[in-house]
Protein chains: 2
Amino acid sequence: MPKLSERGRQMPASPIRRLVPYAEAAKKRGTTVYHLNIGQPDIKTPEHAIDELRKLDKEVLEYSHSAGYESYRRGLAGYYQERGIQIDFNNIMVTTGGSEAIMFTFLSTLNPGDEVIIPEPFYTNYNGFAVTTGVNVVPITSNIKDGFALPPIEDFEKKITSRTKAIMICNPNNPTGYLYSKEEMEALRKIIIKHDLFLFADEVYREFAYDGHEHHSVMNLEGVEDRVVMVDSVSKRYSECGIRIGAIVTRNDDIIATALKYGQARLSPPGLGQIVAEASLHTPKEYFDEVYNEYIDRRNLVVERLNNIEGVYTPKPTGAFYTVVSMPVDDAEKFCQWLLDEFEYEGQTVMLAPASGFYATPGLGKQEARLAYVLNKESLEKAIDALEVAFKQYPGRTLEQKETYQQENSK
Amino acid sequence: MPKLSERGRQMPASPIRRLVPYAEAAKKRGTTVYHLNIGQPDIKTPEHAIDELRKLDKEVLEYSHSAGYESYRRGLAGYYQERGIQIDFNNIMVTTGGSEAIMFTFLSTLNPGDEVIIPEPFYTNYNGFAVTTGVNVVPITSNIKDGFALPPIEDFEKKITSRTKAIMICNPNNPTGYLYSKEEMEALRKIIIKHDLFLFADEVYREFAYDGHEHHSVMNLEGVEDRVVMVDSVSKRYSECGIRIGAIVTRNDDIIATALKYGQARLSPPGLGQIVAEASLHTPKEYFDEVYNEYIDRRNLVVERLNNIEGVYTPKPTGAFYTVVSMPVDDAEKFCQWLLDEFEYEGQTVMLAPASGFYATPGLGKQEARLAYVLNKESLEKAIDALEVAFKQYPGRTLEQKETYQQENSK
C-alpha cells in the first residue's frame, strides 16, 4: 500500500473538535453537555432569511457564478458601505465560508515556504490552512495579562525575514475577544509599508464590538489598499454557520482575479446559502441590537463569575463572543477531556476548547481554555456552577501554584 | 507591493468559463446563446427535494458534523448498497461538491511533486486541483478514433516513475462520455497492485450509462480496497449543481481520517445542500428513467446531426452527457470565441468548451470542443442549425484539410 501524504500526517486534528467523541459518549450516558467549545451560537437565524427558502421559486438548483451571484455581491457591497467601508461589488468574491476565503487568500499571495506572522493565540484552523498550503505561520505571542492586546511592533520586526510575505490578524479576535484599537491598526499599517508585506484581516466578528468601542476595519487603512485583504463570513453575523458563505474583499484586482481562478476550479459557492445570505442583508437593526445586548449580558455574567472562582482568571473581552480563561489545572487538554469523560455535577458537564491548539509556540496555553459564550444565560450559569465544582474535584488541580501566580500578578 | 504567488500565476483560468464575458456581451446585444459549454443540465431538480426546503423547520442554520450529517451519510450508504456497492456510512465523508472531494483526496494521499496519471482529455479542473496541491498530472492520451477508450496499459507503464502515486479516471468520462468496460477496470486493478499505486475514480455520472452498458464502480474491484478512493457528487445525479454536495468514499480508514482533518479545518459541508441531498435519496425510479430517456434522445440527436455535417466527427458516447467533437476549424479556441463575438444565425449562437483545456499535452485538442447536451431537443436542434452555418462562415475553416483527414480515416 502506498503511504499517505506527509502533509496529511502533519495536518492538525481540530483541537476544538477533537474532544467530540468524548462529548458524544457523555451524552449517551445521559449527561447534559454545555457546549462552550465551539462558536456555534444558539442565537436564531433571522426568520425572514429562512423564509426565503420556504418560498423558494426554483425548478433547478443550478451553479451560481464562481464569484457568487452578482445580486448578492452588490447587496454585500451596500452592507459594507453602510458600515463606512467604501468598496464596489467587484472588490468582492463570495466563498464557501470564511475558511475558503482564507485558503484562496493564502494560495493567491503566498508560495509554499513563505511566512505569515500571526499574533497568538489565534483561531486554530489557521494552522490547518497553513499546512494545507505549505505556508509557515510565525507566531507573535500576545498575553492574557493585558487582555491579549497587539504585541509590541518590535516583536513583529524581530520575526520578519526574507520569506515573510504577510501579517494576519483576526479582529475582533477569536479566541481572545480582543478588539484592536485605531493605534494598533495604524502600527500595522506602518509596518506592512516598511517591510513590503500584505495584511490579512479576518473580520467575521465585526458586529460584535462592545462597550462603545468602534471596530476599525483593515479596509479603511489609507495608502495600503493594494496590500490589504479582508476575510468575512455571514456565519456569526446572522447565526448562519451552516450555510457556508464567506467572502474575500480587497481592492487589489490581481488578488481577486487570482482567487477567482481557484474559485472557477471549484465551480461556485453554495447557491442556497447565498440566497439566505442575500436575504439576511435586510436584517433589521433591532435584530443586531437584541443579539448585541444578549452577548453583553452573557459576557458580563461569564467574566464576573469566572473571576470569582479561586485561581481562575479571564480578561473582559470587548469583542466577538469568546474569552480565554486561565485555570488552576495541570493541563487544560487533560482537564477538558476529564470534564467529559469522568466528571458530572447534577447530571451536567461542560465542553471547553483547550487553548494549546490556539498557540503555535509549543508549551503555551497549557493552563488555558477558550470559552465561547454562545448559550443562553441560564445554561451559562449552570455550566459555570459545574465548572466551579470541577476545579475542586479535578485530580490535576494546581490551586497552590495558581495562588502564587496570582500574588505575583497583583504585585 | 509584494508579488502574488507563483502558484497563483500558474493556476489555469477555467477554459470552460473563460469565454463567459463574450457570452455575456452577446446576450447584451440580444443574441440567444445556447450553453453547451458547461455541465449545467436544464433537467429539473426532484421537486420533493426542493420541497424539503419549503417546509424547513429550523430556527438556527447551524454547522453540521465535519463529515456531514450522520443521517445523510447513512442514507447515502444505502444508495450505494442498492447499486451493488457494499459500504458502510463510516466509509463516507461528505464534501463541498466533488471538487472538494478531489482536493481532500489529493491532499491526503499525495505530496507536492508526486505524480498522478490521468487519461486525457480529462475534466479540466483536475489541472486546477493539481496546481493548488502542487501535484503533477501525467497525461496518457486517449483517442477520438476509438471513442476515447482506456489507452493501452503499456502506455501507463511507460509513464510510471518513482514519484507516481496514483492513477485517476473519470467514469463515465467527462469530457468524452466514455464508459470504462469491466476489462479496462480489471487492467487498472492489476497495474495499481503491480506498481503499488492508489486508484481514484470520479464517478459523478454513474447514473448515466447508456445502451444497456453497465457501470463498473471502482469500489467493486477486489483486493484493492485500501488503494481505491471514489469521488462522488449529487450535482448531476439530481440536477443539483448549485448545492455543492459531494463525497469521498473509501474503505481505507486512514484516508477518511486524514481527509476529515482537512474537513475539520473548514468546519462543515453546506448544511442546506445536505438537507436537499438527503431528501433526493428518495427520488423515485421514474425520475431517473425519464432523465435517462431524455439524455438518450439528446445524445442520438446530437451525434447523428453532427456527424452529418461535412468535416465534423464525434463518437457515440455511452455515458455522461458530453461528447468531444472534431471540427473543421484552425483553432477551436478561436472558433468558440468567434461564435460568441462575431457570429449569429437567426439571432442565435452556441457556446462550446474548446477541448485544448481538457488535454495536458500541449497542442492536443486544437480542433476539438466539448459539447454538453444539457439542453432540450428543440434548443439542441437550433444550436446545431447555427453550428452548421457557422462552420461554413468561420474565416478559419479548414474543410479541405479535414476531408483529407476523413479519407485517411476511412481507409
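Two residues are in contact if their C-beta atoms, placed from the backbone, lie within 7 Å. The model is predicted; local features need pLDDT of at least 70, side-chain atom pairs count only at pLDDT 80 or more, and totals for chains, interfaces and linings use all residues. Residues are numbered from 1 along each chain as its sequence is written, while chains are lettered from A and ligands numbered from 1 in the order in which they are written.

**View 1. The fold of chain A.** Among contacts in chain A between residues at least 6 apart in sequence, 75% link residues at least 24 apart. The C-alpha trace of chain A spans about 60 × 55 × 55 Å along its principal axes. Of the 411 residues of chain A, 55% are buried (20 or more other C-beta atoms within 10 Å of the residue's own, with C-beta atoms placed from the backbone).

**View 2. The side of chain B that touches chain A.** The contact draws 70 residues from chain B and 70 residues from chain A. H9(B) gives the most to this side of chain B, with 7 residues. Helices here are DSSP runs of H or I, at least four residues, numbered from the N terminus.

View 3. The same surface serves both copies: 100% of the contact residues of chain B recur in chain A.

Note on methods:
Helices (H or I, at least four residues) and strands (E, at least two) are DSSP runs, numbered from the N terminus. A residue is buried if 20 or more other C-beta atoms lie within 10 Å of its own, exposed if 12 or fewer, and partly exposed in between; C-beta atoms are placed from the backbone.
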